[in-house]
Amino acid sequence: MRRSSRGTRSRCTSRGPKRRSVAAELGINPETLRNWVRAAGVSRPRGRRAEASVEPPTALEAENAALRKKIRELEEEREILRKAAKYFAGETRG
């Protein structure tokens with residue numbers, strides 16, 4: 001069973017049994033995990049999460065979003081072309 005890194009990250013910030021279980025899952029010493037968490041500057045979540053930022057995206061964030069959208073479109077087009085090539089290749093053999 002594969003877990004998301006997001007879930008592992010939030011579990012790593014807690015103390016005690018959770019950190020030990022995550023360390024065991026990763027096959028590392030719990031102290032090593034604790035040092036990694038400290039080095040990453042991750043703090044334990046306290047209370048409710050902050051609301052999403054209401055600031056408009058920066059130019060870099062907007063460009064990243066546009067590029068991700070373009071990548072999705074190109075991947076979709078590539079998949080369509082692969083299927084078409086496979087279909088036509090099978091048609092010419094028969």
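**Figure 1. Overall fold of the predicted model.** Helices here are DSSP runs of H or I of at least four residues, numbered from the N terminus. By that rule, the elements of the protein chain run α-α-α-α from the N terminus on. The count is four helices and zero strands. The model is predicted. Of its 94 residues, 11% count as buried. The accessible surface of the protein chain comes to about 8,800 Å². Carbon and sulfur atoms hold 54% of that surface. Take the contacts between residues at least 6 apart in sequence: 30% of them join residues at least 24 apart.

**Figure 2. Close-up of the packing of α2 against α3.** Helix α2 covers residues 17-26. Its axis lies 8 Å from that of α3, and the two helices pack at an angle of about 105°. Angles of 65 to 115 degrees count as roughly perpendicular, so α2 is roughly perpendicular to α3. From α2, the contacting residues are Arg19, Arg20, Val22, Ala23 and Leu26. They meet Pro30, Leu33 and Arg34 of α3.

Figure 3. Gly41 follows α3. The phi of Gly41 is positive, near 75°.

Figure 4. A pair of aromatic rings is described by the distance of the centres and the angle of the planes. Ring centres must lie within 6.5 Å to pair, and by this rule the model has one aromatic pair. Tyr87 and Phe88 form that pair, with 5.2 Å centre to centre and 75° between the planes. Planes over 60 degrees apart count as edge-to-face, so this pair is edge-to-face. Is each residue of the pair exposed or partly exposed? Tyr87 is exposed, because its relative accessible area is 52% and the cut-off is over 50%. Phe88 is partly exposed, at 47% relative accessibility.

Methods:
Residues numbered from 1 in each chain as written. Predicted model: local features only at pLDDT ≥ 70, side-chain atom pairs only at ≥ 80, totals over all residues. Heavy atoms only, no water. Phe/Tyr/Trp six-rings, centres within 6.5 Å; stacked < 30°, edge-to-face > 60°. Buried < 20%, exposed > 50% of the residue type's maximum accessible area, 1.4 Å probe, protein only. Contact = heavy atoms within 4.5 Å. Areas by Shrake-Rupley, 256 points an atom, 1.4 Å probe, with all protein chains shown as cover. Axes fitted to C-alpha atoms, helices over the stretch in contact; angles between N-to-C directions. Parallel < 35°, antiparallel > 145°, perpendicular 65-115°, else oblique.
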